Amino acid sequence: MRERDGHRAVLPKRIILVRHGESQGNNDPAAYDTTPDPKIQLTTQGIAQARHAGVRMRHLIAGGGSTNWRVYFYVSPYARTRSTLREIGRSFSRKRVIGVREECRIREQDFGNFQVQEHMNVIKETRQRFGRFFYRFPEGESAADVFDRVSSFLESLWRDVDMNRLNHDPSDDLNLIIVSHGLASRVFMMKWFKWTVEQFELLRNFENGEFRVLQLGSGGEYSLAVHHADEELLEWGLSPDMIADQKWRACANKGEWNDRCSWYLDSFFDPLPDSDDDNVDKLDETNSLTVHS
């Protein structure tokens with residue numbers, strides 16, 4: 001915790017990422033032919049999924065051992081996410097909800113305007129060959145574009161927490177619930193946990209109404225492994241190395257460096273020597289002579 005302008009900035013206990021319930025577009029992609037993506041509504045099944053997600057999240061938060069807890073919501077402006085939030089909200093009393101904010105930067109990936117399905121099927125096949133992260137939809141966005149705006153949102157989120165823009169009582173456990181879309185949520189975790197593009201490509205999308213819990217560990221780092229079992233993480237596409245890092249984070253002190261995390265260094269270099277000795281200096285000189293000869 002840090003003192004700022006007479007108040008203590010307290011980290012949220014949980015950050016919960018939830019995907020909207022089943023939409024008309026999920027049920028029938030032809031809906032995109034005539035309805036703009038932001039106006040696509042939930043199906044009856046999607047409403048039920050959203051309501052069930054709210055029940056599960058309240059059970060998770062209320063069962064965490066504290067009676068003093070509050071929730072704050074961020075929500076994508078799309079109709080299906082706003083409706084999902086409305087159904088989730090049925091599980092929380094007014095005194096538990098300290099606020100909500102519509103946040104455009106966590107909206108769905110932009111696929112263009114009206115999406116003619118025959119054309120989109122060809123485009124998505126091309127995306128599979130090109131790579132999901134960098135492929136940009138014609139007149140739309142790539143996952144890399146979404147990464148940029150979600151990164152900006154994350155910076156704002158931390159300012160909200162640090163400056164107590166959420167009007168949070170430090171004696172209460174704070175839970176942030178982000179109601180968004182599958183890609184935006186995966187990109188959020190990619191940014192948060194410093195995953196590489198290759199690791200992002202491994203991740204399975206969220207199911208409708210499914211959520212992931214980033215929970216504060218005992219040392220002050222957030223981890224998926226505090227709440228979720230290894231089997232879930234494997235099912236979602238995390239590699240054994242990624243799971244090992246999540247388990248390390250669950251107990252790590254804030255700001256510590258995980259020197260066993262392979263992608264922090266080893267994935268970028270050939271094995272680095274443990275010491276800066278004369279042999280390394282000689283190798284440097286030899287390479288320098290070779291390059292300039």
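In what sense do E3 and strand E6 (residues 173-180) pair, and over how many bridges? They pair in the parallel sense, over six bridges. Strands here are DSSP runs of E, at least two residues, and helices are runs of H or I, at least four residues, both numbered from the N terminus. Two strands pair if DSSP finds at least two bridges between them.

Some ground rules. This is a predicted model, where local features need pLDDT of at least 70, side-chain atom pairs count only at pLDDT 80 or more, and totals for chains, interfaces and linings use all residues. Residues are numbered from 1 along each chain as its sequence is written, and side-chain values use heavy atoms, with hydrogens and water left out.

Back to the sheet. Six strands form an open sheet with mixed pairing, in the order E5-E4-E6-E3-E7-E8. Strand E5 (97-102) and strand E8 (222-223) are at the edges. Each has a single partner strand, so one side of each is left without a neighbour in the sheet. Strands of a sheet pair through backbone hydrogen bonds, either parallel or antiparallel.

Now the pairings. Strand E7 (residues 211-216) runs antiparallel to E3, and five bridges join them. There, Leu17 has Arg212 as its bridge partner in E7. Further along, strand E4 (residues 69-75) pairs with E5 in the parallel sense, over five bridges. Val75 has Glu102 in E5 as its bridge partner.

How covered is strand E3 (residues 14-19)? Six of its six residues are buried. Buried means under 20% relative accessible area, exposed means over 50%, and partly exposed is in between, with a 1.4 Å probe and protein chains only. In a regular strand the side chains alternate between the two faces of the sheet. In E3, Arg14, Ile16 and Val18 are buried on one side, and Ile15, Leu17 and Arg19 on the other.

Next, helix H2, residues 44-62. Its 19 residues should span 27 Å at 1.5 Å a residue, and its end C-alpha atoms are 27 Å apart, which agrees. The expected span is 1.5 Å times one less than the number of residues.

Which residues of H2 are buried? They are Gly46, Ala50, Ala53, Gly54, Met57, Leu60 and Ile61. Seen down the axis, the buried residues of H2 fall within an arc of 130°, so they line one face of the helix. That arc is taken over the directions from the helix axis to the C-beta atoms. An α-helix has 3.6 residues a turn, so residues three or four places apart point the same way. On the other side of H2, Thr44 and His59 are exposed.

Take Ala50 in that helix. Its relative accessibility is 0%, so Ala50 counts as buried. Ala50 and Arg86 are 36 residues apart in sequence, yet 8.5 Å apart in space, C-alpha to C-alpha.

Compare helix H5 (residues 143-162), which holds Asp148. Asp148 is exposed, at 51% relative accessible area.

Two backbone points. Glu139, in the loop between H4 and H5, has a positive phi of about 65° although it is not a glycine. Glu139 is exposed too, at 68% relative accessibility. Asn164, in the loop between H5 and E6, is likewise not a glycine and has a positive phi of about 55°.

The largest pocket holds about 410 Å³. Definitions first: on a 1 Å grid over the protein atoms alone, a cavity is a set of points where a 1.4 Å probe fits but cannot get out. A pocket is an open set with protein on both sides within 12 Å along at least five of seven lines, and lining residues have an atom within 4 Å of a point. Grid points are joined across faces, edges and corners, and a volume is the space filled by probe spheres set on the points.

Of the 19 residues lining the largest pocket, Arg19, Glu108, Phe111, Lys124 and Asn205 are the closest to its centre. Helix H1 (24-27), helix H4 (117-130) and helix H6 (182-193) each supply at least two lining residues.
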